[in-house]
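Me: Please take a close look at one residue in this chain. I want its local setting first, then the fold around it.

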Amino acid sequence: MSALWISHVTVTDDVEYAKYAKLATQAIAEHGGVFLARGGTYVQKEGVERPRNVVVRFDSLEIAEKCYNSATYQQALVHARLASERELVIVEEI
């Protein structure tokens, strides 16, 4: 069953975040992830507003978790933690 990786982000350092985005894109591609939304127009209805929203589809929850735990993505997270406030959840599709 496929899974969605959903993140909501406020970027606080554009230069450092660009380093994250490059590595994260590589890790996601290596695990067959497909971007469904990456930034773009949104309407905030509830919760904390984050101006950058990203949705990626993976073939399974397990693959999405492998991507998150991969060496490449963990390296990317070093930059993300220096450059953003964010939430990320992986949800299995029905």
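What follows is one request about a single position and one connected reply.

Me: Take T72. Which helix holds T72, is T72 buried or exposed, and which residues does T72 touch beyond its neighbours in sequence?

Reply: A caution first: this is a predicted model. T72 sits in helix α3, which covers residues 71-83. Its relative accessibility is 16%. The cut-off for buried is under 20%, so T72 counts as buried. Leaving out residues up to four places away in sequence, T72 touches L23, Q26, A27 and E30.

Now the chain around it. The protein chain has three helices and four strands. Read from the N terminus, their order is β-α-β-β-α-α-β. The radius of gyration is 13 Å, close to the 12 Å that the globule rule gives for 94 residues, so the chain is as compact as a globular protein of that length. Along the principal axes, the C-alpha trace spans about 35 × 30 × 15 Å.

Take the contacts between residues at least 6 apart in sequence: 75% of them join residues at least 24 apart.

Last, the surface and the charges. The accessible surface of the chain is about 5700 Å². Carbon and sulfur atoms account for 54% of that surface. The chain carries 10 positive and 13 negative charges.

Methods: Residues numbered from 1 in each chain as written. Predicted model: local features only at pLDDT ≥ 70, side-chain atom pairs only at ≥ 80, totals over all residues. Heavy atoms only, no water. Helix = DSSP H or I, 4+ residues; strand = E, 2+ residues; numbered from the N terminus. Rg over C-alpha atoms; globule rule 2.2 N^0.38 Å. Contact = heavy atoms within 4.5 Å. Areas by Shrake-Rupley, 256 points an atom, 1.4 Å probe, with all protein chains shown as cover. Lys, Arg positive; Asp, Glu negative; His and termini not counted. Charge placed at Lys NZ, Arg CZ, Asp CG, Glu CD. Buried < 20%, exposed > 50% of the residue type's maximum accessible area, 1.4 Å probe, protein only.
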